[in-house]
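Colleague: I would like to learn how to read a model like this one, feature by feature. Please give the general idea each time, then the case at hand.

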Amino acid sequence: MAVEIDIEHVARLARLELTPDERERLRAQLGVILEHAAKVGEVATADVPPTAYAIPRSNVLRPDEPSASLTTEEVLSNAPDREGDRFKVPRIAEVE
Amino acid sequence: MTELCDLTATELERMLRAGETSSVEILASCRSRIDAVDDRVKAFLARTDDLAVDQAAAADARIAAGDAPAVAGIPLALKDVLSTAGVATTCGSRILETYVPPYDCTAWDRLRADGSVLLGKTNCDEFAMGSSNENSAFGPVHNPWDLSTVPGGSSGGSAAAVAAGEAVWALGTDTGGSVRQPASLSGVVGLKPTYGLVSRYGLIAFASSLDTVGTFTRSVRDAASLLSCIAGKDPLDATSLDTPRRDYTERLEEGIAGLRFGVVREAFGEGVEPGVRDSVRAAVDRLDGLGASVGEVSLPHTDYGLSAYYLIAPSEASSNLARYDGVRYGLRVDGSDSVEMMTKTRGAGFGAEVKRRIMLGTYALSAGYYEAYYGQAQKVRTLIIRDYDAAFAGFDVLVSPTSPTTAFPIGAKVDDPLAMYLNDVFTIPANLSGTPAISIPSGLDEKGLPVGFQLTAPVLEESRLLRAANALEQAIGFDERPALIAAV
């Protein structure tokens with residue numbers, strides 16, 4: 001059975017504006033894809049451990065030595081908007 | 001007529017050293033081919049002509065001085081998800097249309113240092129999500145074998161460029177088959193190395209636990225040569241493996257006598273076109289004559305791998321693509337506050353498939369669903385790895401078709417995402433398990449379209465994989481070329 005999804009809620013979590021058409025199409029398509037994807041539950045039994053990386057590595061360290069990095073100008077070179085050496089964005093917090 | 005741009009890199013390397021040609025001449029040949037066909041193929045999003053001229057001249061000087069690595073002077077194309085300092089890198093997306101990276105990806109950095117010549121950046125599915133190249137915000141790529149069909153994806157531009165003689169070789173990326181599947185549909189050799197063998201630094205992330213940098217070439221030897229330049233430990237990628245740089249062409253001609261080949265049973269069932277099945281079976285039949293042994297093997301969780309992939313990859317993508325928020329780079333659409341700005345920016349900047357996967361991944365990771373979807377998919381990943389462990393206990397190399405079909409008409413599957421995802425059913429397991437795999441042409445189907453033959457070896461057994469592919473390539477002797485080239 002196709003899965004029912006709260007499209008508006010998921011779109012809000014993803015910070016993704018969708019048109020009414022897109023919402024309808026995604027509701028149908030994601031339902032079918034998830035129905036197929038839910039097949040994983042048929043074989044993923046409790047005794048099977050999960051794998052995040054096929055070739056696991058842990059504690060990959062390097063010497064803690066300073067090295068060259070991008071300049072401030074390079075970092076800001078693609079900014080849609082800036083003020084001095086900072087990225088500029090619309091207001092984040094409510095103003096009293 | 002065969003021109004310089006149609007030769008293998010190996011042959012061009014020989015000619016360069018013998019003084020029979022120059023990098024400047026090879027570059028000119030590639031450029032005239034691009035001029036002749038790319039208005040129809042549309043493999044390139046951007047050309048780096050001025051840069052290439054300087055690089056070719058510098059390579060010629062190094063070759064003349066007797067100080068030139070194997071890749072020096074050979075023109076290359078890069079998929080547009082690989083960062084190039086000072087050269088726009090769009091990922092085939094409106095959201096990065098104006099993005100110019102301030103640094104090079106490691107793979108290109110190594111090639112550049114060795115004298116490679118950059119022709120330009122190639123078209124691809126947006127953020128490498130797709131199997132047909134129809135998800136590029138800048139229009140589809142057309143398969144040089146039949147311009148009404150897709151070249152495969154997501155690295156469709158790189159595959160088509162090599163197939164059409166626009167580039168001698170190219171790099172792509174392979175997260176679920178995005179090098180091997182387009183190589184198969186476009187009649188070229190596509191190699192996906194072991195996960196972590198080639199640094200992902202500067203590869204703009206799609207699904208970090210699956211993403212690999214791979215090669216498009218006209219021969220297996222060329223693939224070995226290109227891999228030798230880009231493989232090996234990189235401190236800038238924490239998932240890069242502790243492998244020294246080495247020459248993968250060294251043991252290429254040792255043959256395959258005594259090697260045990262396992263034919264994957266699940267890869268010849270329903271949904272595989274007869275033309276694909278017949279061509280791959282005929283290639284398998286050649287193995288006996290080469291002194292190898294052949295048996296049947298099962299990868300029983302293949303179908304579940306597809307389901308797991310379409311949970312894991314979108315989940316990782318939804319997290320990775322959170323960075324496109326209109327703040328530091330790329331598109332910004334104004335809003336009354338930051339959240340509205342981000343929401344509108346992402347709505348305007350991403351295409352349909354990317355939105356689909358962000359939504360899918362966000363849902364699969366959301367509270368209440370995480371365990372049922374993402375958690376279960378990670379368990380299936382374990383089962384896929386166990387499938388391979390069992391198969392490689394009895395066999396040295398596994399073989400299957402690369403893709404269930406040959407090239408399909410542009411537009412045929414765009415409205416049916418699930419049908420599109422099925423293109424990757426035989427390529428996805430190698431990404432989930434980290435194993436290296438290669439697609440080589442096995443022949444043409446009844447429509448005259450190329451069929452791809454996939455070989456898979458255990459983790460870090462690239463040398464064995466390439467040796468097997470090289471022997472089969474010689475036995476098959478595929479020397480067809482797209483009609484498009486003959487007409488130039």
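Modeller: Start with burial: a residue is buried if 20 or more other C-beta atoms lie within 10 Å of its own, exposed if 12 or fewer, and partly exposed in between, with C-beta atoms placed from the backbone. Ala390(B) has 14 C-beta neighbours inside 10 Å and therefore counts as partly exposed. The model is predicted, so local features need pLDDT of at least 70 and side-chain atom pairs count only at pLDDT 80 or more, while totals for chains, interfaces and linings use all residues. Residues are numbered from 1 along each chain as its sequence is written, and chains are lettered from A and ligands numbered from 1 in the order in which they are written.

Colleague: Where is Ala390(B) found?

Modeller: Ala390(B) belongs to helix α12 of chain B. Helices (H or I, at least four residues) and strands (E, at least two) are DSSP runs, numbered from the N terminus. The C-alpha atom of Ala390(B) is 9.3 Å from that of Val297(B), a residue 93 places away along the chain.

Colleague: How many residues of chain B are in contact with chain A?

Modeller: Two residues are in contact if their C-beta atoms, placed from the backbone, lie within 7 Å. On that basis 60 residues of chain B meet 45 residues of chain A. Two or more residues each come from α9 (302–320), α10 (338–349), α11 (352–365), α12 (371–394), α13 (417–421) and α14 (428–433) of chain B. The largest share of this side of chain B, twelve residues, is from α12(B). By class, the side of chain B that touches chain A has 31 nonpolar, 20 polar and nine charged residues. Here Ala, Val, Leu, Ile, Met, Phe, Trp, Tyr, Cys and Pro count as nonpolar, Asp, Glu, Lys and Arg as charged, and the others, Gly among them, as polar.

Colleague: Why is chain B called as compact as a globular protein of its length?

Modeller: The radius of gyration is taken over C-alpha atoms, and the globule rule is 2.2 Å times the number of residues to the power 0.38. Chain B, with 16 helices and eleven strands, has a radius of gyration of 21 Å, close to the 23 Å that the rule gives for 488 residues, so it is as compact as a globular protein of that length. Its C-alpha trace spans about 65 × 50 × 45 Å along the principal axes. Of the 488 residues of chain B, 64% are buried.

Colleague: Which residues have the most contacts inside the largest nonpolar core?

Modeller: In soluble globular proteins, nonpolar side chains tend to be buried together. A nonpolar core is a set of buried Ala, Val, Leu, Ile, Met, Phe, Trp, Tyr and Cys residues joined through C-beta atoms within 7 Å. The largest has 160 residues, and those with the most contacts inside it are Leu76(B), Ala167(B), Trp169(B), Ala170(B), Leu311(B) and Val397(B). Leaving out residues up to four places away in sequence, Trp169(B) touches residues including Ala9(B), Ile74(B), Phe216(B) and Leu226(B). Another core, of seven residues, lies apart from it and includes Trp145(B), Val150(B), Leu185(B) and Ala407(B).

Colleague: At what angle do helices α2 and α3 of chain B pack?

Modeller: Axes are lines fitted to C-alpha atoms, for helices over the stretch in contact, and angles run from 0 to 180 degrees between N-to-C directions. Helices α2 (residues 23–41) and α3 (residues 49–64) of chain B pack at about 150°, their axes 8 Å apart. That makes α2(B) roughly antiparallel to α3(B); angles under 35 degrees count as roughly parallel, over 145 as roughly antiparallel, 65 to 115 as roughly perpendicular and the rest as oblique. Their contact has seven nonpolar, one polar and three charged residues. For α7(B) and helix α15 (residues 462–476) of chain B, the angle is about 155° and the axes are 9 Å apart. These two helices are therefore roughly antiparallel to each other.

Colleague: Is Phe127(B) buried or exposed?

Modeller: Phe127(B) is buried, because 31 other C-beta atoms lie within 10 Å. Phi of Phe127(B) is near 50°, a positive value in a residue other than glycine. Phe127(B) sits in the loop between β3 and α5 of chain B. Ser154(B) is found in the loop between β3 (117–122) and α5 (156–163) of chain B, and the peptide bond from Gly153(B) to Ser154(B) is cis, with omega near 10°.
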